[in-house]
Amino acid sequence: MKKVFSILLASAMMLTLLAGCGGKGGTSAPAAGSGAAAAPSGKTQILTIGTADSTGTMYPVGAAVASVINDNVPGFKVNVETSKGSPANCVNIQSGEVQLATIAGDTAMQAVNGAGKFEGQACSDLRAICAVYTSLSNWIALKSSGMTMVHDLTGKNVAVGPEASTTEIAGLAGLEACGVEPAEKVNLGLGDGANEVGDGLRDASHGFAGIPIGGQLSVAQTKDCVFLGYTDEELDKVVAGNPSYYKTVIPAGTYPGQDEDVPTFGVKCLIVANANLDDATAYAFAEALSTHVSDLVAGHASMTSMQDPSFICNDLPIELHPGAAQYYKDAGMLK
């Protein structure tokens with residue numbers, strides 16, 4: 001099967017080259033909801049990958065994914081777009097407004113099943129191309145605050161993340177599991193929230209992204225900061241409330257001055273397409289991303305999890321796209 005796809009892709013490349021000899025090339029954007037059909041002869045198919053806040057992890061990850069596809073899958077040009085995050089990306093993939101997106105696994109699962117914020121408006125056509133990194137719950141505060149744990153946030157002034165984002169959803173889940181009721185909860189981007197902590201305007205700020213989170217790293221490089229942890233019992237409650245989450249740690253040394261592992265929880269973040277993306281294209285995207293992991297890691301260190309092939313395509317919270325699944329079967333990666 002892999003040879004068949006390789007032959008098809010090689011043939012498409014030859015047709016493109018031959019057509020290019022007869023006149024100017026052009027660009028063609030896909031029709032809304034049409035997926036990414038094979039690029040027309042002599043033209044480049046322009047796609048958009050939706051990401052999130054530019055100070056978080058999804059934007060640089062999306063940029064790295066776009067770069068690998070652009071460099072290794074002939075006939076496609078992927079542009080990167082900021083967004084309000086995973087919930088918005090689910091809706092935009094379903095509608096065809098974007099053709100690829102970075103989406104946290106918990107949000108993707110809710111969207112497909114019509115649960116939570118997606119009750120009555122399921123996004124049933126979401127399909128995974130691969131997993132690219134793990135989003136971790138990161139609470140940043142100043143060391144001078146004296147806080148060390150998330151349950152210390154009772155009565156404090158906190159930023160939980162952008163409104164309706166995966167960061168906010170995870171932050172609120174963490175606070176609830178800890179039995180914490182802050183005095184004030186505000187919606188701020190990951191960079192703005194961290195900056196307000198650094199400026200002494202906010203007691204703590206939450207991020208839910210691949211580590212290190214850019215906005216939090218910038219503050220930790222200039223201020224003495226602490227990253228708040230969860231007790232094992234609190235983490236059990238978080239995981240019990242959402243089966244997509246699992247217990248993990250922010251490894252020591254992830255941020256300046258962070259000398260010990262910080263117990264927290266995380267979820268796999270996925271590259272997602274619409275189910276109507278043609279199989280050959282999904283196959284080509286899966287092959288490009290899984291065979292150029294070193295380029296992805298160079299784009300953002302959060303993607304080191306992809307160095308384990310089983311991470312990429314196994315135990316995902318939503319169904320793989322059939323074309324991607326076929327590649328992983330051919331490569332011996334799918335259990």
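Begin by selecting Ala273, which you will find in strand β11, residues 262–274, where strands are DSSP runs of E with at least two residues, helices are runs of H or I with at least four, and both are numbered from the N terminus. Residues are numbered from 1 along each chain as its sequence is written.

Leaving aside residues up to four places away in sequence, Ala273 touches Ile93, Gln99, Leu100, Asp125, Leu126, Arg127 and Ile129, a contact being heavy atoms within 4.5 Å.

Next, select Thr102 in strand β4, residues 100–104. Thr102 counts as buried because its relative accessibility is 0%. Beyond residues up to four places away in sequence, the residues that Thr102 touches include Ile49, Met58, Asn89, Cys269 and Ile271.

Then show helix α5, residues 166–177, together with helix α8, residues 232–241, which pack at an angle of about 130° with their axes 9 Å apart; the axes are lines fitted to C-alpha atoms over the stretch in contact, and angles run from 0 to 180 degrees between N-to-C directions. This angle makes α5 oblique to α8, since angles under 35 degrees count as roughly parallel, over 145 as roughly antiparallel, 65 to 115 as roughly perpendicular and the rest as oblique. To see where they meet, select Ala173, Gly174 and Ala177 of α5 and Glu234, Lys237 and Val238 of α8, which make the contact.

Finally, display the whole protein chain, whose secondary structure comes to twelve helices and eleven strands, and of whose 335 residues 51% count as buried. Colour the chain by pLDDT, the predictor's confidence in each residue from 0 to 100: the mean is 88, and 87% of the residues reach 70 or more. Over residues 1–38, however, the pLDDT is below 50. Where pLDDT is low, the predicted coordinates should not be read in detail.

Note on methods. Predicted model: local features only at pLDDT ≥ 70, side-chain atom pairs only at ≥ 80, totals over all residues. Heavy atoms only, no water. Buried < 20%, exposed > 50% of the residue type's maximum accessible area, 1.4 Å probe, protein only.
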